[in-house]
Amino acid sequence: MTGKGKRSAVRLTARGAIALILLATLAGYVLAALFDLQALIGLAFVTACLLGVLLVNPRELLSLVVTPPLVFFVATLFVELGRALSSVGIIQSLALGLYGSLSHGAPWLFAGSAVVLGVAWGRGLRDNVRELRDELRAGAEVPRPRQPFVPEPEGYFEPKVYGTPRTED
């Protein structure tokens, strides 16, 4: 063992971490329905966010940090769409279900996002942001070659007439 301690050999890409968060949130919805305990949704989401940010490759932290709200929304949309399909008023049921689920899940959503941001900051998010800023500045400083103006040939936009015109007798 080194001085820093033993590191996990498992590393996820940002896509893998996002998939982990999505699947865990969906599993939280299933468990919440089975045990009639809505807090399981949020606990599953926050736990998956923490696990995802700890296991993701450090160079992909920036991609992961921005996704927890979208993942939570997609999971909620999927579940509420499934519920709405069994009702008479699908659109109304979907809208009300999304409103209720997202408003009840908002504290968990903020907690999961804060956990991801805090842990990612400690794992090197600042360096990722700095690298992105440097890349964007370097791309903006490169002068683009100017293309010379080449006019279109004469008659380019004029319609072609095929055949002979009709004459009225």
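Helix 5 provides the largest share of the lining of the largest pocket, namely 5 residues. The structure is a predicted model, in which local features need pLDDT of at least 70 and side-chain atom pairs count only at pLDDT 80 or more, while totals for chains, interfaces and linings use all residues. Residues are numbered from 1 along each chain as its sequence is written, and side-chain values use heavy atoms, with hydrogens and water left out.

The volume of this largest pocket is about 160 Å³. A pocket is here an open set of points, on a 1 Å grid over the protein atoms alone, where a 1.4 Å probe fits, with protein on both sides within 12 Å along at least five of seven lines, and lining residues have an atom within 4 Å of a point. Grid points are joined across faces, edges and corners, and the volume is the space filled by probe spheres set on the points. The lining consists of Tyr-29, Gln-38, Ile-41, Phe-72, Arg-83, Gly-100, Ser-101, His-104, Gly-105 and Trp-108. Two or more of the lining residues come from each of helix 4 (68–84) and helix 5 (90–123). By type, the lining holds 4 nonpolar, 5 polar and 1 charged residues, where Ala, Val, Leu, Ile, Met, Phe, Trp, Tyr, Cys and Pro count as nonpolar, Asp, Glu, Lys and Arg as charged, and the others, Gly among them, as polar.

The protein chain as a whole has 6 helices and 0 strands, these elements being DSSP runs numbered from the N terminus (helices: H or I, at least four residues; strands: E, at least two). Of the 169 residues in the chain, 27% are buried, a term that means under 20% relative accessible area, as against over 50% for exposed and in between for partly exposed (1.4 Å probe, protein chains only). Among contacts with a separation of 6 or more, 76% join residues 24 or more positions apart, contact meaning heavy atoms within 4.5 Å.

The largest nonpolar core contains 25 residues, and Ile-21, Phe-45 and Leu-64 have the most contacts inside it; such a core is a set of buried Ala, Val, Leu, Ile, Met, Phe, Trp, Tyr and Cys residues joined through side-chain atoms within 4.5 Å. At least two residues of this core come from each of helix 1 (14–35), helix 2 (39–55), helix 3 (61–65), helix 4 and helix 5, with helix 2 giving the largest share, 7 residues. When residues up to four places away in sequence are not counted, Ile-21 touches Phe-45, Ala-48, Cys-49, Leu-64 and Val-71.

Gly-42 also belongs to helix 2 and counts as buried because its relative accessibility is 2%. Although Gly-42 and Ala-106 are 64 residues apart in sequence, their C-alpha atoms are 9.0 Å apart in space.

Outside the helices, Asp-36 lies in the loop between helix 1 and helix 2 and is exposed, since its relative accessible area is 67%. The phi angle of Asp-36 is near 50°, a positive value in a residue other than glycine. In the loop between helix 2 and helix 3, by contrast, is Asn-57, which is buried because its relative accessible area is 13%. With neighbours within four places in sequence left aside, Asn-57 is in contact with Arg-11, Leu-12 and Thr-13. Arg-11, placed in the segment before helix 1, counts as partly exposed because its relative accessibility is 32%.
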